[in-house]
Amino acid sequence: MKIRLLALLLGGVLLLPALSACRNAAPIYEEDIPGYESEDGELPLEEQPAEEQEEVEEKIWIIPEQTFHWREGGDTSENMFSRPMRTLHEYDGALYYFSWPPVRYNPQTDVQISFCTDPLCTHDRQSKCPFYGIGSSLVLLEDSVILRREASGLRDPDTVELLDLNDLTLRKLREISGTMTIFGGDVVCGDTYIYVNLVYDEQEDSQMYELCRKDMKSGKVEVLHRNPNRRYVPLFAVGETIYLSCNEDDLIYTAPVDDLMNMAPVAQTRGNWFLDRAESCFYSLDSKTGTVYRSTSPEVPEAIFTVEGMDYFYMTDQHIYYRRVYGQAEEMTFYGELAYHNLYEYYRCDRDGGNAKLIYREEYALGEYTYFLRDFVVLGNYLYAPWTMQLFDGEIDDGKGSDKNINSSLVRIDIESGEWYYIMNE
Ligand SMILES: [Zn+2]
């Protein structure tokens, strides 16, 4: 298969202890401490006699030779809106990839630009990099991204910030105390910031969901709804109208920004969803059953099609893209138990599920690399996804992992030809 051919194995012959896979630099284990002796009396690897070491062939992945080209046309997403939590976002013809450091990628020219434009910045705390610590628990709105800045040391609290994708400026929305759990339910509408929290209530001895509204000018915060079970999550704003979802009835509600508890149900969704603004309806996926639903009202949504094992979907104006579990890779763990890793197929189909076309299938074979895609987006003729590569060797993992996993940047798959183009970190 073509994909497999790309994994060129370079016969680098290294002197390594026979029982150890390639040792990685990052984690420090007890055996790495000089003089450490394990419980079974085995000497640290560095002190093993040379005759116990043997030649082990190291498999190294290198970027295949590739040339960049761009085909015009393909799918558009002008009418589609979703509110995903993922690391890759498409906006206004560009891709935003929240790796470290975050980058903006131009798919037509293959040029990546770091969010931090200071060429001398080392992107750490000392350099006062504006993007230091951001990147997890993010929610993608249309032209902005809600980000969480992890505490950069004990001095600073975690914060929730708004990144404007038009000018890459950051705006602090709130601080998070250690007792709060955030759900990525955040919407900014003009100077009003709406969010949901889970906080511990000492009097009730219970966790409470709080729907909050903050006036960004005055800093005043109002708690509009408080309940241990019922959770309203702000989704997005259209003009002065806020859309919210509710976990108890799977309904999507709308409400005026200045009268938020005056909610009216507009649609029912099951799992992750897309709003089609042209059709004024929601499409959603129930990942337990693999069924895609269409909802134009709060009544029972219409089931459109079902694919066994489908657990993620993406919509464009023309198509539905999805992945489905078709099997599992298995491997022994350090503790001698079998571990399973889902294997996926990626498809494009019509909106009614017809004309399904296989785009990529994760192939698993002992001793071979398997390429895994993560949550993807589609732009034009291409599917883009962060990817990792894992070598299944069927042997007991040494518990240190990582040397069998290669984490990289993005891959672009031509939907028609299946050709891969690797977009590597610069
Ligand atoms: Zn920087």
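Student: Which residues touch the most other members of the largest nonpolar core?

Tutor: Of its 63 residues, Leu 244, Phe 313, Tyr 321, Leu 383, Tyr 384 and Ala 385 do. A nonpolar core here is a set of buried Ala, Val, Leu, Ile, Met, Phe, Trp, Tyr and Cys residues joined through C-beta atoms within 7 Å. Buried means 20 or more other C-beta atoms within 10 Å of a residue's own, exposed means 12 or fewer, and partly exposed lies in between, with C-beta atoms placed from the backbone. This is a predicted model: local features need pLDDT of at least 70, side-chain atom pairs count only at pLDDT 80 or more, and totals for chains, interfaces and linings use all residues. Residues are numbered from 1 along each chain as its sequence is written.

Student: Which strand gives that core its largest share?

Tutor: Strand β30 (residues 382-392), with five residues. Strands are DSSP runs of E, at least two residues, and helices are runs of H or I, at least four, numbered from the N terminus.

Student: And what does Phe 313 touch?

Tutor: Leaving out residues up to four places away in sequence, Phe 313 touches Leu 285, Val 292, Ile 320, Tyr 321 and Tyr 322. Contact means C-beta atoms, placed from the backbone, within 7 Å.

Student: On to sheets. What is the order of the four strands in the open sheet?

Tutor: The order is β24-β25-β26-β27, with antiparallel pairing. Two strands pair if DSSP finds at least two bridges between them. At the edges are β24 (310-315) and β27, each pairing on one side only.

Student: How many bridges link β25 and β26?

Tutor: Twelve, between β25 (residues 320-332) and β26 (residues 338-349). Met 332 sits opposite Leu 338 in β26.

Student: Back to β27: is Leu 358 buried or exposed?

Tutor: Leu 358, which lies in β27 (residues 357-361), counts as exposed because it has 10 C-beta neighbours inside 10 Å. Leu 358 touches Glu 345 and Tyr 347, not counting residues up to four places away in sequence. Its C-alpha atom is 6.7 Å from that of Arg 348, ten residues apart along the chain.

Student: What about the open sheet of five strands, what's its order?

Tutor: That one runs β3-β20-β21-β22-β23, with antiparallel pairing. β3 (80-81) and β23 (302-306) are at the edges with a single partner strand each, so one side of each has no neighbour in the sheet.

Student: Which residue in β22 stands opposite Phe 282?

Tutor: Ser 295 does. Five bridges join antiparallel strands β21 (residues 281-286) and β22 (residues 291-295).

Notes. Contact = placed C-beta atoms within 7 Å.
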